[in-house]
Every structure is written in C-alpha cells, then in structure tokens.
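Work through the exercises below with the sequence and the structure side by side. Try each task before reading its solution.

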Amino acid sequence: MHAPADEIARLRDAIRKHDYKYYVEASPEISDLEYDRLVARLKELEAKHPELITPDSPTQRIGDQPVPGLVPITHRVPMLSIENTYSLDDLKKFGERTAKLLPGEKIEWVVELKVDGVAVSLLYEDGVLVYGATRGNGTVGDDVTHNIRTIREVPLRLVGEPVPPVLEVRGEIYMTNSDLVALNEARKAEGEPPFANTRNVTAGTIKSLDPRVAAGRRLRFFCHSVGSVEGLRARTHMEFLAEMRKHGLPSTPYVECFPDFGAATEYCEGLIERLHELDFEIDGLVLKVNRFDQRQRLGATSKAPRWVIAYKFEKYEATTRVNGIRVQVGKTGAITPVADLEPVELAGTTVSRASLHNADEIERKDVRIGDVVVVEKAGKIIPHVVRVEKHLRRGELPKFVFPKKCPECGAKAVKDEGGVYIRCPNPECPAQLKERIRYFASRNAMDIEGLGDKLVDQLVGRGLVRNYGDLYRLQAEQLVDLERMGRRSSEKLVAAIAASKDRGLARLLAALAIRHVGNRVAGVLAAHFGSMEKLRAARVEDLSAVLEIGPVIAQSVYDFLHSDYGTKTIDDLAALGVKMEAEAKAPASQALDGKTIVVTGTLKNYSRDEIQELIARHGGRAASSVSKKTDFVLAGAEAGSKLDKARELGIPVLSEEEFEELLQA
C-alpha cells in the first residue's frame with residue numbers, strides 16, 4: 001500500500017474515532033477546528049487520488065445531485081406499530097397481562113424515551129451502511145439512504161470488533177429544539193417562513209430528494225431496537241444498546257432497566273418531570289421486556305408485539321411572551337428562576353408563569369425578558385419553556401444575570417459541585433424556612449392538617465416559628481389573633497401538630513428536607529437502621545452499603561446529621577417528644593444474624609425490595625458492593641461483575657434455592 005493510501009486510512013480511522021467520542025460518548029477529545037482540519041486533509045488526498053474513494057469514507061456523507069425519486073424498500077422484518085396508552089391504570093394492566101403470559105418468571109423492564117421524530121431502519125452488512133428506509137406502512141418503506149448518510153450520528157462504517165455480518169437497526173431521526181431555533185433564524189434572514197416544530201421539519205427533510213437540504217438542517221439519530229440480524233451477541237435489550245454504542249450508534253439518554261413493572265412505572269412518573277432537561281421532543285415513554293428469549297415467547301398480535309407498550313401523554317403547546325424573570329428560594333436553598341408570562345390558554349387553564357429550573361437552562365435556551373417563547377405542558381406536569389423563537393426577537397435584548405446573592409437573606413450564592421443548581425447556603429434564610437415548614441407539614445411528610453401556606457407565612461413572618469421545633473412549642477393563645485384563626489381553629493391546629501409527633505422515623509426523615517432524601521429513600525433508611533440513634537452512628541460507608549442509597553445520598557444524609565444545623569434540629573425535636581424510631585417488626589429468625597449479603601442478578605421469586613426486607617427480617621444486612629467483609633453473595637440469573645469479584649475474593653456464592661434452604665435451616 002503506497003503512502004497516500006496509508007494516510008487516507010489513518011485519517012478515516014481518526015475521524016471515525018472522533019465521531020464516536022463526540023456523538024456516542026459525548027466526550028470530544030479535539031476541538032471543532034482540529035476535526036475540520038482532519039476532514040479537509042482527507043478531502044485533499046481523495047481529490048488527488050479519486051481511485052481511493054470508498055462509499056463509507058467520512059467525506060461521502062453528502063451527495064452532489066438530488067435522487068430522481070424515492071424507491072420502495074421491503075423491510076426484512078416488519079416494523080410493527082406498538083400498543084399505547086395514556087392511562088397509568090391501563091399501563092399497569094398491561095404489565096399484569098404480560099406477567100400472566102410468563103407465569104412464575106421474573107420479568108425485567110426497560111424504560112426508554114419515545115422520541116417524537118421519524119422512525120427509520122438502517123441495514124449494515126459487514127459493518128458498512130447499505131441503506132436507510134422509513135417505516136412506511138410497516139412492511140414497505142422509502143429508501144432515504146441519500147439523506148441518512150448526511151446524519152453525523154449514523155456511522156457509514158461501524159466501529160468496534162467484531163461487527164455482526166448483518167445488522168438491521170431501528171431508530172428515530174429527530175431534530176433538537178436549539179437546531180430548529182438556528183434554522184428559523186437563518187430562514188428569517190433569507191426571507192423564508194419559519195418551521196412550526198421539529199417533527200414537521202424532520203418528516204419533510206428526510207423525504208427530500210436533495211441530500212444537500214438534509215445536510216443543512218442538522219438531523220440526528222437515536223437507535224432503539226433491532227430488526228433482521230446475524231451475529232448479534234446481545235441477549236437482552238440493555239446488552240443490545242451497549243453493543244450498538246460500541247459500534248458507534250447512539251441511544252437515547254435516561255434508559256434504565258428495572259427488576260419489575262412497578263419500579264419501571266415509578267421511574268416513568270419521575271422521568272416526566274425532567275422533560276425540561278431535554279433539547280428534543282418526546283411524546284411518551286416506552287416500556288419493553290428486557291430479555292430477548294421472553295420477547296420471543298410473548299410473540300405479537302396481528303398489530304403489535306406483546307412485550308412493549310408506549311405510555312403516552314397529551315402534549316399542549318402555546319406561544320407567549322416573557323414579561324419578566326424572577327427567582328425563588330426553595331426548602332433546600334436552591335434558587336430557582338421563574339418566567340412571568342403574558343397569560344395564555346394551555347390545556348384548558350390560563351398559564352402566566354413557567355419554571356426555568358436553573359441558571360444553566362436559561363443559558364442553554366437563551367431566555368431573555370421580552371422574548372417570544374413556546375411553552376409546553378405534558379401530562380400533569382407544570383408548564384416549561386421549550387424554546388425561544390429567536391426569529392421573533394425584537395432587537396438586542398439583555399441577557400438575564402443570575403443573582404450572586406440570595407435575594408431573601410443576602411448570603412453569597414454557591415453552585416453545587418458538579419451540578420447545575422445555585423443555592424443559598426444559609427439554613428436560617430427566611431425563604432428556606434417557609435418552604436421547609438410547608439414541606440414538613442405536607443401530607444407526604446408529617447401530615448399536619450390545617451397548616452396551610454398562608455398560615456405558614458404568618459407564623460414565620462411574625463417570628464413565632466424559626467425552626468421545626470417551634471411548631472411543637474406553639475400555644476393556642478399565640479394563634480388566635482392570626483388571620484382566619486379563632487380559639488377553636490387554634491386549639492384544633494395545636495392538637496394536629498401534637499398528633500404528628502407519632503408519625504415515625506420514615507416520615508420524619510422525609511420531612512427534614514435532606515437533599516436527595518424523598519419518601520422512598522427515607523423508608524429504606526428507617527427500615528434498615530430502625531432508629532435515629534443508629535442512623536446518626538452510621539458512617540458514610542455504612543449508609544452507602546444500603547441497597548438503593550449509594551455514595552451521593554449517603555454523603556448528603558451523613559453531612560446533614562452531623563452538621564450543627566442537623567444536630568440541633570434533631571436534638572430539639574427529640575426533646576419535644578417527636579418519635580425517632582421506625583415501626584418495630586418482629587424478626588422472622590436469626591438465620592442471617594450479623595451476616596453481610598450482596599445480591600446480584602435477577603431472582604425468580606423476589607424483587608430487590610422484597611429480598612432486602614427478607615434479609616433484614618432474618619437478621620442480615622444487604623450491602624450493595626462486594627468486599628472482604630461480605631459473608632456471601634446471593635446470585636440470580638445474569639449475574640455480572642459482583643459475581644466475578646466474589647469468586648476472585650473467594651467469597652461463597654449461593655443460588656436462590658440454597659439461600660431459601662439456609663433460611664429454613
């Protein structure tokens with residue numbers, strides 16, 4: 001091989017490597033300028049040696065001429081539609097139906113984002129892209145290879161070895177909101193009308209006959225499923241996504257796998273509240289069985305597979321103007337920006353404000369006072385700003401300057417290390433206090449009936465309540481002069497506050513506004529340690545060893561419990577008679593007394609919560625990582641690195657049946 005061919009091969013490998021780092025791992029190693037120089041050098045060499053140009057070269061993404069028309073392509077495996085629902089109850093019924101079809105089997109469920117774009121199928125043979133086709137009617141689609149080749153996220157040649165001889169991968173072509181903003185600005189400058197939304201642009205662009213149109217509109221790609229394939233190593237969906245990423249094909253963010261359907265649906269509810277973090281549109285979430293062998297046995301109806309469902313939500317959009325941006329201080333000190341909007345009708349209600357969540361989001365979306373914005377409401381979540389219609393911006397609007405001090409108490413604001421939130425660090429900040437008291441009294445926390453927002457404002461405003469303990473020191477005589485309070489209401493409130501003393505450790509932990517501690521984490525900690533005394537004595541290592549806790553939550557809990565504020569708060573509440581113990585449960589046995597057990601893999605008869613509780617009831621301690629202090633490992637199906645480490649350290653490994661025999665013995 002002569003020198004130009006050697007250099008061309010090296011350049012192609014380098015460009016593919018940097019494409020992988022940028023589009024799959026989101027961790028580029030070189031600047032855009034350096035990347036462009038590599039591509040320019042490759043073009044220069046190929047121009048001098050056209051006989052060395054190959055179809056999978058990075059320079060061959062954009063064709064010079066439009067195609068004469070779209071050619072039909074028959075899918076090797078039909079692209080079936082999937083069942084969908086807008087109801088959480090119906091979603092749960094789907095999970096129950098699936099379980100009945102696989103009696104006695106543990107079913108893992110994967111949750112993925114349902115990207116609002118255009119479904120396509122890509123065929124690779126020996127690692128080289130052969131064609132890309134739209135879904136069409138599910139059996140026959142349109143050949144859009146000329147446009148697919150312009151998409152940087154789609155590798156023309158797969159990376160990583162070994163590649164499957166035949167790989168048909170399905171996914172979604174989409175456009176980000178920020179790319180739509182830039183596109184509409186360019187169209188305004190050219191005197192062309194703006195596009196209304198990302199899906200319409202994507203659908204029109206992918207079927208364009210001229211690939212130069214697609215190249216100028218920055219389409220993107222996520223893979224999400226598999227069609228016809230030879231040589232695929234993956235046995236589960238999560239393994240499939242990992243294998244695709246290894247070959248250079250990106251998948252959607254926030255994909256998680258859960259041991260049961262209940263945990264998957266719980267994750268869905270939390271994920272919907274994070275839609276504002278995405279720069280692309282989704283119209284639902286997809287839940288699918290993880291194991292391929294179980295999918296095979298579940299099969300499909302004439303319309304849809306029985307192993308997958310889309311949990312969709314109604315989306316409503318409106319366009320309005322930002323009249324102002326202000327900030328609020330929350331119970332954990334997070335300073336949250338809020339956009340005051342020109343009132344607009346959205347999903348049957350009048351919307352006049354929307355959370356902007358954090359300073360980074362304002363910067364990313366470039367929201368300014370006076371801007372016209374698209375506001376969205378999906379499901380039951382609060383409205384959020386999708387994007388700024390920059391082509392409608394009137395002149396140069398000043399950027400919003402995030403405050404460097406707390407707007408309530410003047411303390412210097414501090415940004416979370418490695419995070420996005422800017423906080424007031426002063427635990428005695430009056431704004432924080434009001435929010436903490438409101439949360440402390442809420443139904444999911446100490447459940448103090450009658451202690452509403454307006455009453456909290458009065459109690460804090462008049463200096464009657466400066467901390468949680470002051471609630472329990474209130475006397476009816478102090479309350480009778482407050483707005484809408486008389487003798488009877490005052491006595492009733494004092495009685496309700498006193499009754500909350502007996503809510504127990506889990507409710508108390510949830511009520512204390514400890515960062516990263518919600519009701520579920522609070523329940524796990526209360527069940528594991530049993531009392532505030534034992535919890536305060538725990539080291540960070542002890543906390544992080546508890547299943548579902550992990551190092552970040554462990555450090556947060558430890559820091560709170562050992563801070564001056566946390567120590568004073570808990571000592572004060574204990575002195576006032578607030579219950580600091582969990583509800584006592586009689587141990588089933590002492591079969592595991594003092595034993596530290598690590599669970600790995602999928603168990604046939606227990607969910608993670610159930611096995612953790614079972615271990616605790618028999619006197620054992622469930623840990624999350626294997627160490628020399630681990631007494632034994634309980635290994636289920638598809639156990640991974642924890643099992644390998646146990647064998648490496650010589651730690652006994654029990655099957656589920658052996659574990660149950662141990663309990664019976």
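A residue counts as buried when its relative accessible area is under 20%, and as exposed when that area is over 50%. The model is predicted.

**Exercise 1. Is Gln 458 buried or exposed? Locate Gln 458 in its helix and list its contacts beyond four places in sequence.**

Step 1. Find the element. Gln 458 sits in helix H13, which covers residues 453–461.

Step 2. Apply the cut-off. The relative accessible area of Gln 458 is 16%, so the residue is buried.

Step 3. List the contacts. Leaving aside neighbours within four places in sequence, Gln 458 touches Leu 482 and Glu 483.

**Exercise 2. Describe the surroundings of Leu 509.**

Step 1. Leu 509 belongs to helix H17, residues 505–511.

Step 2. Classify it. Its relative accessibility is 1%, so Leu 509 counts as buried.

Step 3. Name the contacts. With residues up to four places away in sequence not counted, Leu 509 touches Ile 514, Val 517, Ala 522, Leu 525, Ala 526, Met 532 and Leu 535.

Step 4. Glu 656 lies 147 residues from Leu 509 in sequence, and their C-alpha atoms are 33 Å apart.

**Exercise 3. Which strands pair with strand E3, and in what sense?**

Step 1. Recall the rule. Strands of a sheet pair through backbone hydrogen bonds, either parallel or antiparallel.

Step 2. Take strand E9 (residues 256–258). E3 pairs with E9 in the antiparallel sense over three bridges. Val 111 has Glu 256 as its bridge partner in E9.

Step 3. Take strand E10 (residues 282–289). The pairing with E3 is antiparallel, over seven bridges. Here Val 110 stands opposite Lys 288.

Step 4. Check the cover. E3 spans residues 109–115, and six of its seven residues are buried.

**Exercise 4. What is the strand order of the open sheet of four strands with parallel pairing?**

Step 1. Write the order. It is E20-E19-E21-E22, with parallel pairing.

Step 2. Strand E20 (621–623) and strand E22 (653–654) each pair on one side only.

Step 3. Examine one pair. Strand E19 (residues 596–600) runs parallel to E20, joined by three bridges. Thr 596 has Arg 621 as its bridge partner.

**Exercise 5. Summarise the protein as a whole.**

Step 1. Count the elements. The protein has 25 helices and 22 strands.

Step 2. A compact globule of 665 residues would have a value near 26 Å; the protein has 29 Å, which agrees.

Step 3. The C-alpha trace spans about 90 × 75 × 50 Å along its principal axes.

Step 4. Buried residues make up 48% of the 665.

Step 5. Look at contact range. Among contacts between residues at least 6 apart in sequence, 69% join residues at least 24 apart.

Step 6. Compare the charges. The mean positions of the 95 positive and 99 negative charges are 2 Å apart.

Note on methods
Residues numbered from 1 in each chain as written. Predicted model: local features only at pLDDT ≥ 70, side-chain atom pairs only at ≥ 80, totals over all residues. Heavy atoms only, no water. Helix = DSSP H or I, 4+ residues; strand = E, 2+ residues; numbered from the N terminus. Buried < 20%, exposed > 50% of the residue type's maximum accessible area, 1.4 Å probe, protein only. Contact = heavy atoms within 4.5 Å. Rg over C-alpha atoms; globule rule 2.2 N^0.38 Å. Lys, Arg positive; Asp, Glu negative; His and termini not counted. Charge placed at Lys NZ, Arg CZ, Asp CG, Glu CD. Pairing = 2+ DSSP bridges.
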